[in-house]
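Hi everyone, thanks for coming. Let me put today's structure on the screen, and then we'll walk through it together.

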Amino acid sequence: QVQLVESGGGLVQTGGSLRLSCAASGRTFSSYNMGWFRQAPGKEREFVATLSSRGGTTYYATSAKGRFTISRDNNAKNTVYLQMNSLRPEDTGVYYCAADGDVTRVVVTRRRDYDYWGQGTQSTVSS
């Protein structure tokens, strides 16, 4: 079992930055692939970024590439981060982190492949 708690959302202006954190419980955090998704009002939840269990492989949605960076601390903090730079109004939404326990996968972009989800943190970018 993994419990995920996101934090770090807020309100920023266009061009600003936010750093989201997702703290995970459990001693096997390092064996999970981690991902970030977001959901804008009235839209489906969409993939943003993923990071393999050991941190060696990352993959980003086209909209996030070059602006967002996913990283993780597998040691004492058991935390995954999403650094978001050059934010745009279309980045507004609730951001969720998720954990996938299938060690045979490396790049995980589908919602259905994730086993655990956090409660989400709101990030709003004003124009």
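What radius of gyration does the protein chain have, next to a compact globule with 127 residues? A compact globule with 127 residues would be near 14 Å, and the protein chain has 13 Å, which agrees. That radius is taken over C-alpha atoms, and the globule rule is 2.2 Å times the number of residues to the power 0.38.

A word on where this comes from. This is a predicted model, where local features need pLDDT of at least 70, side-chain atom pairs count only at pLDDT 80 or more, and totals for chains, interfaces and linings use all residues. Residues are numbered from 1 along each chain as its sequence is written, and side-chain values use heavy atoms, with hydrogens and water left out.

Now the fold. The protein chain has 11 strands and zero helices; strands are DSSP runs of E, at least two residues, helices are runs of H or I, at least four, and both are numbered from the N terminus. Along its principal axes, the C-alpha trace spans about 40 × 25 × 25 Å.

How much is buried? Of the 127 residues, 44% are buried, meaning under 20% relative accessible area, while exposed is over 50% and partly exposed lies in between (1.4 Å probe, protein chains only).

Finally, please look at Val-107, in the loop between strand E9 (93-100) and strand E10 (116-117). Is Val-107 buried or partly exposed? Val-107 has a relative accessible area of 39%, so Val-107 is partly exposed.
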